[in-house]
Amino acid sequence: MRRLASFLLLGIALTASAKDIWRWKDADGVVHYSDSPVQGAERINASPAPKPGSVTSGAPSVSSVRDPEASNAVRYTRCEVIRPAKDTTFNSAVEFVSADVTIEPPLQPNHRIKVYLNGSVYPQWPDNSVSFTFPQLDRGAYTLSVRVQDASGATACSGPATNFYVRQPSVLSPARQPQKKN
């Protein structure tokens with residue numbers, strides 16, 4: 001009888017010690033957990049930890065423990081223009097300029113690449129492409145940069161701008177052409 005009473009008391013104690021756990025995100029997107037609620041927190045159903053040495057079935061996987069929104073948040077470590085190289089000058093009659101960007105880790109689903117030429121979005125650049133060829137750029141100086149936007153349109157990565165130049169031969173008007181000596 002004492003043994004039965006001991007098990008009942010132990011069961012009641014374990015049930016009483018299982019507290020609610022609360023999860024919330026702060027303004028920086030960092031996930032916090034606590035045993036006391038704060039405004040905007042959600043309750044997580046937590047079961048008591050198994051006893052040491054016991055075998056459990058259906059143990060939580062790492063993905064079920066993570067915050068579902070955090071798994072969608074990717075931190076890009078690199079997004080930049082790799083071609084043309086910084087301060088490249090294209091000489092003579094250039095018909096087109098090829099450009100490449102690099103995104104690390106690779107572009108995630110529902111994210112978009114936005115390429116800026118001279119400070120404005122270049123609309124012909126496909127949203128999911130890391131390469132593009134600019135057709136017939138006029139002579140002059142150009143600035144090229146890249147950004148990655150997440151599904152909500154927020155900037156997830158912004159790379160440094162790179163400059164390149166296009167030179168085209170000048171055609172002298174007939175009045176300015178050198179005169180032949182007779």
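Okay, let's begin with the sulfurs: a search of the whole structure turns up 1 disulfide. One thing to keep in mind throughout is that this is a predicted model. The disulfide joins cysteine 79 to cysteine 157, with the two sulfurs 1.9 Å apart. Cysteine 79 belongs to strand E4, residues 78-83, while cysteine 157 belongs to strand E11, residues 155-158, so the link ties together parts that are 78 residues apart in sequence. If you like handedness, the angle about the S-S bond is -100 degrees, and that makes this a left-handed link. And are those two cysteines buried or exposed? Both cysteine 79 and cysteine 157 are buried.

E10 and E11 run antiparallel and are joined by 3 bridges. Together they make a hairpin, with 5 residues between the two strands. In that turn you'll find glycine 153, which has a positive phi of about 95 degrees. Across the pairing, arginine 147 stands opposite serine 158 in E11.

Which other strands does E10 pair with? One is strand E7, residues 112-117, which is antiparallel to E10 and joined to it by 6 bridges. To pick out one of those spots, valine 115 has valine 146 in E10 as its bridge partner. Another is strand E12, residues 162-166, again antiparallel to E10, this time with 5 bridges. There, threonine 143 is partnered with asparagine 163 in E12.

Let me stay on E10 for a moment, and go to glutamine 149. This residue lies in E10, which covers residues 140-149. Glutamine 149 is buried, with a relative accessible area of 15%. Leaving aside neighbours within four places in sequence, what does glutamine 149 contact? The list is Asn110, His111, Arg112, Lys114, Ala154, Thr155 and Ala156.

The charged end of arginine 147 sits over the ring of tyrosine 116, 4.4 Å from the ring centre.

And that gets us onto rings. The count comes to 7 aromatic pairs. One of them is tyrosine 122 with phenylalanine 134: an edge-to-face pair, 4.8 Å centre to centre, with 75 degrees between the planes. Tyrosine 122 is in the loop between strand E8 (120-121) and strand E9 (131-135), and phenylalanine 134 is in E9 itself, so this pair ties together parts that are 12 residues apart in sequence. Both of these residues, tyrosine 122 and phenylalanine 134, are buried.

Phenylalanine 134 also pairs with phenylalanine 132. Their ring centres are 5.4 Å apart and their planes are at 75 degrees, so this pair is edge-to-face. Phenylalanine 132 and phenylalanine 134 are both buried.

Last stop, the core. The largest nonpolar core has 22 residues, and the ones touching the most other members are Leu117, Trp125, Phe134, Leu137, Leu144 and Phe164. As for where the core comes from, E4, strand E6 (96-104), E7, E9, E10 and E12 each supply at least two of its residues. That's my tour, thanks everyone.

Methods
Residues are numbered from 1 along each chain as its sequence is written. This is a predicted model: local features need pLDDT of at least 70, side-chain atom pairs count only at pLDDT 80 or more; totals for chains, interfaces and linings use all residues. Side-chain values use heavy atoms; hydrogens and water are left out. Rings of Phe, Tyr and Trp (its six-membered ring) pair if their centres lie within 6.5 Å; planes under 30 degrees apart count as stacked, over 60 as edge-to-face and the rest as tilted. Helices (H or I, at least four residues) and strands (E, at least two) are DSSP runs, numbered from the N terminus. Buried means under 20% relative accessible area, exposed over 50%, partly exposed in between (1.4 Å probe, protein chains only). A charge sits over a ring if NZ of Lys or CZ of Arg is within 6 Å of the ring centre and within 35 degrees of the ring normal. A disulfide is a pair of cysteine sulfur atoms within 2.5 Å. Contact means heavy atoms within 4.5 Å. Two strands pair if DSSP finds at least two bridges between them. A nonpolar core is a set of buried Ala, Val, Leu, Ile, Met, Phe, Trp, Tyr and Cys residues joined through side-chain atoms within 4.5 Å.
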